[in-house]
Amino acid sequence: MEFFIDTANLDEIREAQAYGLIDGVTTNPTLFSREKGDWREIAQAVCNEVEGPVSLEVVGLKAEEMVREAKELVKFGSNVVVKIPMIPEGIKAVRTLTEMGIKTNVTLVFSPLQALLAAKAGATYVSPFVGRLDGIAQDGMHLIHEIMTIFNNYGFATKVLVASVRHPRHVVDAATMGAHTVTVPFKVLMSFTQHPLTDSGLESFLADWNKVVQK
Ligand code: E4P
């Protein structure tokens, strides 16, 4: 299972990399809006920093604009995956980009049919947003179950990238369902190692070891 970090913040990316925790990065316009500096310089630095896939999103709404932007985005590095919104023009763009050999990540996916369309268009990744679905009292992880079933039924090569992850349980459920990839905010990623029994267990082992060496 691939772990991506969902951020455009270079410090977070570097720290997560230092732990050997990440296989790639996803960004979006909102994540860039939180950073200081020119977005092009940040995008270039992220692509240089990370070996694995880096998703960079287009903002055009017409297929031709998306393709034009995609051609510019891939100049940041051979690891760029172009993020395309799940709208009819986006599907058109994905088909064209796939024919051109450019990798795509179809974003803002909230239904199994949207995922099926993206896969049929040849998307490299499809990004269902589980946290946002949970946020409107729907079951985000049920969407992942449905998409995995459909993709397995027909042998689609498109990878399911579980996005809008809010907590470790989303990741455990995604792994149980066989989802290929999760993208996780830095804070959630760092919480993966935590368990209260690990902390109390370590504390008591160290206290007991002190007794051993003081004998
Ligand atoms: C995925 O690629 C998106 O950047 C991201 O997961 C969006 O999630 P949000 O609901 O936290 O904005």
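Visitor: Of the 215 residues of the protein, what percentage count as buried?
Guide: This is a predicted model, and a residue is taken as buried if 20 or more other C-beta atoms lie within 10 Å of its own. Of the 215 residues of the protein, the share that counts as buried is 36%.

Visitor: What average pLDDT does the protein have?
Guide: The predictor gives the complex an ipTM of 0.97 and a pTM of 0.95. For the protein, 100% of the residues score at least 70, and the average pLDDT is 97.

Visitor: Is Lys83 buried or exposed?
Guide: Lys83, which the unreviewed UniProt entry annotates as "active site", lies in strand β4, residues 80-85. The cut-off for burial is 20 or more other C-beta atoms within 10 Å, and because lysine 83 has 26 of them within that distance, it counts as buried.

Visitor: Where on helix α3 do its buried residues fall, seen down the axis?
Guide: The buried residues of α3, which runs over residues 39-49, are Ala43, Val46 and Cys47. Seen down the helix axis they fall within an arc of 95°, so they line one face of the helix.

Visitor: Which elements do the buried residues of α3 pack against?
Guide: The secondary structure of the protein comes to 11 helices and eight strands. From this set, the buried residues of α3 pack against α1 (10-18), β2 (24-26), β3 (54-57) and β4.

Visitor: Is alanine 137 buried or exposed?
Guide: Alanine 137 has a positive phi near 65° in a residue other than glycine, and its place is the loop between α7 (130-135) and α8 (140-154). A residue with 12 or fewer C-beta neighbours is exposed, and because alanine 137 has 6 inside 10 Å, it counts as exposed.

Visitor: What is the phi of leucine 108?
Guide: Leucine 108 is placed in strand β5, residues 104-109, and is partly exposed, with 19 other C-beta atoms within 10 Å. Although leucine 108 is not a glycine, its phi is positive, at about 65°.

Methods
Residues numbered from 1 in each chain as written. Predicted model: local features only at pLDDT ≥ 70, side-chain atom pairs only at ≥ 80, totals over all residues. UniProt positions renumbered as here; feature names shortened; annotations may be inferred. Helix = DSSP H or I, 4+ residues; strand = E, 2+ residues; numbered from the N terminus. pLDDT = per-residue confidence, 0-100. Arc of directions from axis to C-beta. Contact = placed C-beta atoms within 7 Å.
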